[in-house]
Every structure is written in structure tokens, then in C-alpha cells.
Amino acid sequence: MKPLFSLEGKTALVTGSSGGLGEGIAIAMAEAGADVVMVSRSGSEEAAQAITALGRKALSISADLGQIDQIEAVFQEALTLTGRIDILINNAGTIRRAPAAEHSMQDWNAVIDLNLNSVFLLSQLVGQHMIARGSGKIINIASMLSFQGGINVPGYTASKHGVAGLTKAFANEWAGKGIQINAIAPGYMETNNTAPILDDPDRTRSITERIPAGRWGTPEDLKGPAIFLASAASDYMNGHVLCVDGGWLAR
């Protein structure tokens, strides 16, 4: 069964790879055999070291994908560095917390630009490259808030609903061209984005009590699903949002 999940000879482009879920996914790609191009604002030195230790290539591009005018340059640089992109993982994202009545347009635009607009444009650019080759995998990182409304995060919720919709829209058009576009919706994960919640003991306890698995997730929990969606094992999956949530939505 190993070749079914192997990424030997593949190149993966992972955004938001300087820590948390993105770093874990980047390392997972290398563990399965892929070379990795990492895109982040602050660098991905720890991930690069881990990937190199696995005998795979680790290439880094510094960029702020929230600045839409930088995205085409990122794509061109990745292509110049590697010659091909077999797997795109749109993980970069941000969150701004404020009640809906006080949520500023500045916060709204910052979240939508990075979480949604960059996913659309980078998928479009990489997708054109994949269409020309007749193969490719695109994995978008969605959220539980692709299904629910959340509290004090209207911009983030709108962006993640949009990511789920884009996943399905692209899949409808490109599934017949040899490209699989799917998404992973993580449940509550221990990352920098959730630090404000983890700092609130009462809210952390109430969330944990609702998770059937009895714990929050970690970047390690996304490695298997990411490898699955990036590999030949998922060649007949298109437009699916895979929930990795410890049973949160089933509760």
C-alpha cells in the first residue's frame, strides 16, 4: 500500500508554513517523499531543517499573501525554483476577533484578502499550470467555521465559508482535467490562532467537553489527512471538505 500514499518525485507548495498547521503539513509532505516550497512572511527555518533532515529539498519564499499584488511573483518564483508544482496547499490565514457590531472594515478586508482572495488567485495560477500538465492536487485549509457561525469572528467565518465554496467551484470545473481540489476543515487546534481561547479556562473547558475525542487537535493530527489528499489514494475525491475535528460536528 505504501506507493498509494507516496509523494516521491512530487513538489508541494505550502503557504503559511512558518509554524502551526502549515509547518506540520510541510513536514508531512517531506515525510511522504515530496520536495517542499514554503511561503511565509517570517521564514520557515525549523520546518526547512526538518525537511532537509528527511533528505528532501526545502525551499523558502518570503511574501505576504495578504498583499494580492505579490501572489503572481510568488507563483513565478516557485516555478523557477522547482520547474513544476504538483501539490498546492493553501494554508496561510489570519483571524481578527471583534463583535460583529464593532468589526472594522480594515479587519474585514485583511481577513478576506489573505484567507479567501489569495486562495482564489494562487489556485487559479497554479491550476493553469496543472491543467497544462493534466494532473495536480490542491488542498485548501477550511475550518469548522466553514459550517458554523462562530463568535466575534464574522470576517473569518465569511472567509472560511468562501474557502469551502471555492473548493467545490474549482472541483466542478477541473475534476475532468485530472486535478483534485479538496479541503481540510480542522477542528479546535492548539495553535497561535487559538491562543486567546486557550487563555480563557472557562471557554477552553466548554469546548473540550463538546469534543468527543476529549482533546484539542495538534498539527500532527493533520499529517495523515494531508498526505491522503495529496497522494494517489484520493484520485477520485473532488470538492470534498474533510473534517478533522475529533468528532466536534457530530456532537
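**Pockets and a cavity in a predicted model**

Trainee: How much space lies in the largest pocket?

Mentor: About 1100 Å³, where a volume is the space filled by probe spheres set on grid points joined across faces, edges and corners. A pocket is an open set of points on a 1 Å grid over the protein atoms alone, with protein on both sides within 12 Å along at least five of seven lines. This is a predicted model, where local features need pLDDT of at least 70, side-chain atom pairs count only at pLDDT 80 or more, and totals for chains, interfaces and linings use all residues. Residues are numbered from 1 along each chain as its sequence is written, and side-chain values use heavy atoms, without hydrogens and water.

Trainee: Which residues lie nearest its centre?

Mentor: Leu21, Gly93, Tyr156, Thr191 and Asn193, out of 47 lining residues; lining means having an atom within 4 Å of a point.

Trainee: And how does that lining divide by class?

Mentor: Into 20 nonpolar, 21 polar and six charged residues.

Trainee: What about the second largest pocket, how much space is there?

Mentor: About 180 Å³. Its lining has 15 residues, with Lys10, Lys137, Ala230, Ala232 and Asp235 nearest the centre. Five of the lining residues are charged, six polar and four nonpolar.

Trainee: Switching to cavities, how many are of 30 Å³ or more?

Mentor: One; a cavity is a set of points where a 1.4 Å probe fits but cannot get out. The largest cavity holds about 30 Å³.

Trainee: What lines the largest cavity?

Mentor: Asn90, Ala92, Asn115, Val119, Asn140, Ile141, Lys160 and Val163. By class, that is four nonpolar, three polar and one charged.

Conventions:
Ala, Val, Leu, Ile, Met, Phe, Trp, Tyr, Cys and Pro count as nonpolar, Asp, Glu, Lys and Arg as charged, and the others, Gly among them, as polar.
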